[in-house]
Amino acid sequence: NKVVHIVDKVGADKGVYFMSNLNLRQLNHDSHTHQLITRVIPIGKDGLTIEDVNGGKNYLSNHSYSDKVIYGIWNASNYDDATKLKEDGERYLSSLAVPYQTYEVVVADLFRLSQGNYFEYNLGDIITIIDADSETRVKQRVVQRTYNLQEPDKDTLKVANKDRTFQDYYKR
C-alpha cells in the first residue's frame, strides 16, 4: 500500500545558506563523470533526425564543462516532430554535459533551534554552501534530508547539482 508521487520540480531558492562558522558542521564532496556526454545524436520515431532544424547537423553539442567530444545516442522513439526532438535533446544534453556533484553536509538546523522564521528549507529547495576551508561556494538542490530529532545541530543533508531520474531510483 505504498504511493509514489512524481513531480517535475519542488522547492525554491529561499536564500538559505550554510556557512562553516555558523551552521555548517561537516562537508563531504563527491563528483563523477561516468555519464558525461558533450555531443548527442537524438533519434526519434521511425529514424527521425534533427538535420532539417539544426543547420544540417544530426547532433547537438554542449561544451560547458569539457572541450572533449564524447558521443552519445538518445533514442526517443515517441518523438515525431524534429523541432521538439531538438529542444528536448538540448535539455537532455545540458544535464549530461556537466559532472554529477553531490555534497553530504552535517548542519545545524537554525530554524528548529531558534524557533524563528529564518533559515527554513525543505526537500527540493536550493541552498548555498559556503566553506572557507575548502574554498567552496556552490548553490545546490536538497535531494535528501535526515533529521536528527535529539540533536537538531546534527541534521544531515545530501545536495546535488542534478536530480536523480526515476531509473536511478529503480536501479537502487
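Start by selecting Glu 135: at 73% relative accessibility, this residue counts as exposed (exposed is over 50% relative accessible area, buried under 20% and partly exposed in between, with a 1.4 Å probe and protein chains only). Glu 135 sits in the loop between strand 7 and strand 8; strands here are DSSP runs of E with at least two residues, numbered from the N terminus. Check its backbone too: phi of Glu 135 is positive, about 55 degrees, although the residue is not a glycine.

Before moving on, a word on the model: it is predicted, so local features need pLDDT of at least 70 and side-chain atom pairs count only at pLDDT 80 or more, while totals for chains, interfaces and linings use all residues. Residues are numbered from 1 along each chain as its sequence is written, and side-chain values use heavy atoms, with hydrogens and water left out.

Now jump to Asp 46, in the loop between strand 3 (39-43) and strand 4 (60-61). Asp 46 also has a positive phi, near 55 degrees, in a residue other than glycine. Buried or exposed? Asp 46 counts as exposed, at 78% relative accessibility.

Six strands make up an open sheet with mixed pairing, ordered 1-7-8-9-6-2 (two strands pair if DSSP finds at least two bridges between them). Its edges are strand 1 (13-19) and strand 2 (24-32), each of which pairs on one side only. From one strand to the next, the twist averages 35 degrees, taken between N-to-C directions on a 0 to 180 degree range, with axes as lines fitted to C-alpha atoms.

Zoom in on strand 1 and strand 7 (residues 126-131), which pair in the parallel sense over four bridges. Pick Asp 13, and you'll find its bridge partner in strand 7 is Ile 126.

Show side chains for the largest nonpolar core, which has 13 residues. A core is a set of buried Ala, Val, Leu, Ile, Met, Phe, Trp, Tyr and Cys residues joined through side-chain atoms within 4.5 Å. Strand 1, strand 6 (100-107), strand 7, strand 8 (136-146) and strand 9 (155-160) each give two or more residues to this core, and the largest share, three residues, comes from strand 6. Apart from it lies another core, of ten residues, including Ile 50, Trp 74, Tyr 79 and Leu 93.

Finish on Ile 129, one of the residues with the most contacts inside the largest core.
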